[in-house]
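Visitor: I'd like to learn how to read a contact between two parts of one chain. Could you walk me through an example?

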Amino acid sequence: MELVIDHLSKTYPNGTKALNSVSLRIAPGMFGLLGPNGAGKSSLMRTISTLQEANSGTIQLGDINVLQEPERVRQVLGYLPQEFGVYPKVTASELLEHFAVLKGISHKGERRQVVDALLHQTNLWEARNKNLGGYSGGMKQRFGIAQALLGNPKLIIVDEPTAGLDPTERNRFHNLLAEIGEDRIVILSTHIVSDVSDLCRQFAIINKGRVLYTGDPLVAIEEMRGQIWRRSVAKAELAQYQQQFSVISSRLFAGQTIIHVHSLAQPGNGFESVEPTLEDVYFARIHTAEKVATALAKG
Ligand code: ADP
């Protein structure tokens with residue numbers, strides 16, 4: 001089953017154009033939707049999840065016309081929204097059971113079996129009788145995945161799931177996602193580049209409602225080879241470098257400011273070529289798009 005998004009646009013009533021002719025083709029496996037805050041990721045996730053309508057364009061999931069047949073989508077969809085509220089005074093076991101009833105798993109024995117299996121799979125079995133109010137951020141997110149997996153969905157959407165998780169919990173959550181992404185479409189929306197480089201064989205970069213790139217992260221990195229240059233600069237020189245070069249990132253390392261520049265040719269003295277990372281790809285694509293937009297605006 002493939003998810004095909006074609007020229008999807010969404011403008012909110014206040015005039016914000018959140019999605020601008022988005023086209024994507026998503027095969028089974030983990031798909032990373034990478035973009036800064038405000039890029040339009042949640043708008044796209046909510047539209048695919050049938051929680052809001054689009055202005056134009058189409059979304060096809062296998063033989064389901066998503067925008068025309070929301071009921072059919074909901075039968076095969078698992079969704080973990082950005083803000084996943086839980087009832088604090090209920091246990092994981094009880095709430096999952098309740099969600100299972102809502103999902104239409106009406107046979108009690110079957111429901112128990114499904115709920116227990118999911119609690120095991122998400123590593124919450126030991127904590128199943130604890131109130132959700134006492135869960136850590138990571139445990140809540142794993143509970144969110146458990147509820148999203150009810151009914152064995154073909155499409156799972158997780159919106160910014162690792163924000164706020166500590167490194168151990170993030171790692172554990174990544175392993176869980178990798179496991180569930182083996183035989184269905186899992187769309188992971190994130191602004192964290194390593195979420196995508198750790199997990200996804202397909203990804204897209206989205207900014208200001210537009211898709212800037214889509215493909216395989218390894219290919220995207222390969223395409224940038226020979227175009228990323230590094231040097232350390234004095235803090236006071238940074239602004240000048242930013243004017244003169246396409247500085248895609250600057251960070252402190254051992255007290256020095258290290259800049260990465262995107263350039264097809266050697267930018268000059270003091271720059272050394274570096275192996276690109278997905279982070280370089282991401283920043284370079286966004287930087288280029290911003291430059292083009294500024295040039296167009298200036299006429
Ligand atoms: P992301 O998930 O990538 O942070 P969003 O889809 O939440 O991006 O937002 C995209 C743009 O649409 C932003 O400019 C945001 O302020 C705006 N936006 C999101 N939801 C609404 C809404 N309900 N009404 C008006 N503007 C919105």
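**Reading a domain interface**

Guide: Gladly! The protein chain splits into domain 1 (3-215) and domain 2 (222-298). Please keep in mind that this is a predicted model.

Visitor: How far apart do the C-alpha centres of domain 1 and domain 2 lie?

Guide: Those centres are 33 Å apart. Where the domains touch, domain 1 supplies twelve residues and domain 2 supplies nine.

Visitor: What area is buried between domain 1 and domain 2?

Guide: The general idea comes first: the size of an interface is often given as the accessible area lost when the parts come together. Here, about 930 Å² is buried between the two domains, and carbon and sulfur atoms give 73% of that area. On the domain 1 side, the residues losing the most area to domain 2 are Val 193, Leu 212 and Tyr 213, which together account for 46% of what that side buries.

Visitor: And how many salt bridges does the rule find across the interface of domain 1 and domain 2?

Guide: To count one, look for a side-chain nitrogen of Lys or Arg within 4 Å of a carboxyl oxygen of Asp or Glu. The rule finds one across this interface. Lys 208 and Glu 290 form a salt bridge, with their closest N and O atoms 3.3 Å apart. Three residue pairs are also found in polar contact across the interface.

Visitor: Which elements give two or more residues to the side of domain 1 that touches domain 2?

Guide: They are helix 7 (193-199), strand 9 (202-207) and strand 10 (210-215). Sorted by class, that side of domain 1 has eight nonpolar, three polar and one charged residues.

Technical notes: Residues numbered from 1 in each chain as written. Predicted model: local features only at pLDDT ≥ 70, side-chain atom pairs only at ≥ 80, totals over all residues. Heavy atoms only, no water. Domains from an automatic or database assignment. Contact = heavy atoms within 4.5 Å. Buried area = accessible area lost by both parts, 1.4 Å probe. Polar contact = N/O pair within 3.5 Å; in protein donor to acceptor, adjacent residues only side chain to side chain. Helix = DSSP H or I, 4+ residues; strand = E, 2+ residues; numbered from the N terminus. Nonpolar A, V, L, I, M, F, W, Y, C, P; charged D, E, K, R; others polar.
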